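Subject: Structure for you to look at, with notes

Dear colleague,

I am passing on the structure we talked about, together with my notes on what I found in it. Please open it beside this message and follow along as you read.

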Amino acid sequence: MLRSLDIQLTVQSVTDIEDPSIFCGGWLIISDSNALGSIPGEIAEKLRIQQTHVLILMDSADVVEQCWADHANGFLDWADLCPESLREAIVDVKAGRFHVSAILARRSVTASDQAGDDATSKRASMISLTAREHQVLRLIAEGLSNRQVARSLSISEHGVKRTVGIILAKLNCPNRTLAVVRAIESGLLVM
């Protein structure tokens, strides 16, 4: 399927990422969530430093290790996999935008309602974001950098950085990617 896309790609099959030096800057890892094991922190950090992007393909029952969820730049549901959706995901991830397939986004938003999980609904109701924080979070979810968010909202880049820090603290997230995922999961952000 990768070879049929109308984007330039060099495809290489890798079965072991214990040596992250094989990934050059700007590489994209596409992996099935079941193929991903636990990743040591130092390898995850090297992948971040080398700007290696990660797109994870998953089924509805899959659970992604936290270390990969924190590092992933996108999630695509196997049920949604076709050349067009794969191309869109690759283009988004390579452009620095976070990608979640529509099926996964809908499922994550409705999962807490279907499960009747009181802990999730309590946590979501306890989190409150200001209107400005919602604006910033939505633009982050669209893949904009702090500078682009600042220009879009006509505020300083420092103001955006401070607002992102507040959002990360409120959502108890170590990075922007996970903040977007948690906001979608808790119903704070609808894409």
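The notes below go from the overall fold to the strands, then to the helices and the salt bridges.

Please keep in mind throughout that this is a predicted model. The secondary structure of the protein comes to nine helices and four strands, and, read along the sequence, these elements follow the pattern β-α-β-α-β-α-β-α-α-α-α-α-α. Of the 191 residues, 41% count as buried.

Strand β2

I would begin with strand β2, residues 53-58, where six of the six residues are buried, so the strand is largely enclosed by the rest of the structure. In a regular strand the side chains alternate between the two faces of the sheet. Here both faces of β2 are covered, with H53, L55 and L57 buried on one side and V54, I56 and M58 buried on the other. The strand runs parallel to β3 (residues 74-77), to which it is joined by four bridges, and within this pairing L55 stands opposite G74 of β3.

Helix α6 and what covers it

Helix α6 spans residues 131-141, and its buried residues are E133, V136, L137, L139, I140 and A141. What covers these buried residues includes α7 (146-153), α8 (157-171) and α9 (176-186). After α6 comes G143, whose phi is positive, near 95 degrees.

Two packed helices are described by the angle between their axes and the distance between the axes. For α7 and α8 the angle is about 110 degrees and the axes are 8 Å apart; these two helices are therefore roughly perpendicular to each other, and α7 passes α8 in a right-handed crossing. The residues that meet there are N146, R147, V149 and A150 from α7 and E157, V160, K161 and V164 from α8.

For α8 and α9 the angle is about 55 degrees, with the axes 10 Å apart, which makes α8 oblique to α9. The crossing of α8 and α9 is left-handed, and in it V164, L168 and L171 of α8 meet R176, A179, R182 and A183 of α9. S154, found in the loop between α7 and α8, has a positive phi of about 55 degrees although it is not a glycine, and at 66% relative accessibility it counts as exposed. N172, found in the loop between α8 and α9, has a phi near 55 degrees, again a positive value in a residue other than glycine, and N172 is exposed too, with a relative accessible area of 61%.

Salt bridges

Side chains of opposite charge can pair when their charged atoms come close. A search of the whole structure finds three salt bridges, and I take them in turn.

K170 forms a salt bridge with E133, the closest N and O atoms being 2.8 Å apart. The pair links distant parts of the chain, with K170 in helix α8 and E133 in helix α6, 37 residues apart. E133 is buried, with a relative accessible area of 6%, whereas K170 is partly exposed, with a relative accessible area of 33%.

In another salt bridge the side chains of E157 and R147 meet at 3.5 Å, N to O. E157 lies in helix α8 and R147 in helix α7, so this pair ties together parts that are 10 residues apart in sequence. Both residues are partly exposed, E157 with a relative accessible area of 37% and R147 with one of 47%.

The remaining salt bridge is between the side chains of D92 and R97, at 3.0 Å, N to O. D92 is buried, with a relative accessible area of 15%, while R97 is partly exposed, with a relative accessible area of 30%.

With best wishes

Key. Residues are numbered from 1 along each chain as its sequence is written. This is a predicted model: local features need pLDDT of at least 70, side-chain atom pairs count only at pLDDT 80 or more; totals for chains, interfaces and linings use all residues. Side-chain values use heavy atoms; hydrogens and water are left out. Buried means under 20% relative accessible area, exposed over 50%, partly exposed in between (1.4 Å probe, protein chains only). Contact means heavy atoms within 4.5 Å. Two strands pair if DSSP finds at least two bridges between them. A salt bridge is a side-chain nitrogen of Lys or Arg within 4 Å of a carboxyl oxygen of Asp or Glu. Axes are lines fitted to C-alpha atoms, for helices over the stretch in contact, and angles run from 0 to 180 degrees between N-to-C directions. Angles under 35 degrees count as roughly parallel, over 145 as roughly antiparallel, 65 to 115 as roughly perpendicular and the rest as oblique. A crossing is left-handed if the near helix is turned anticlockwise from the far one by less than a right angle, and right-handed if clockwise.
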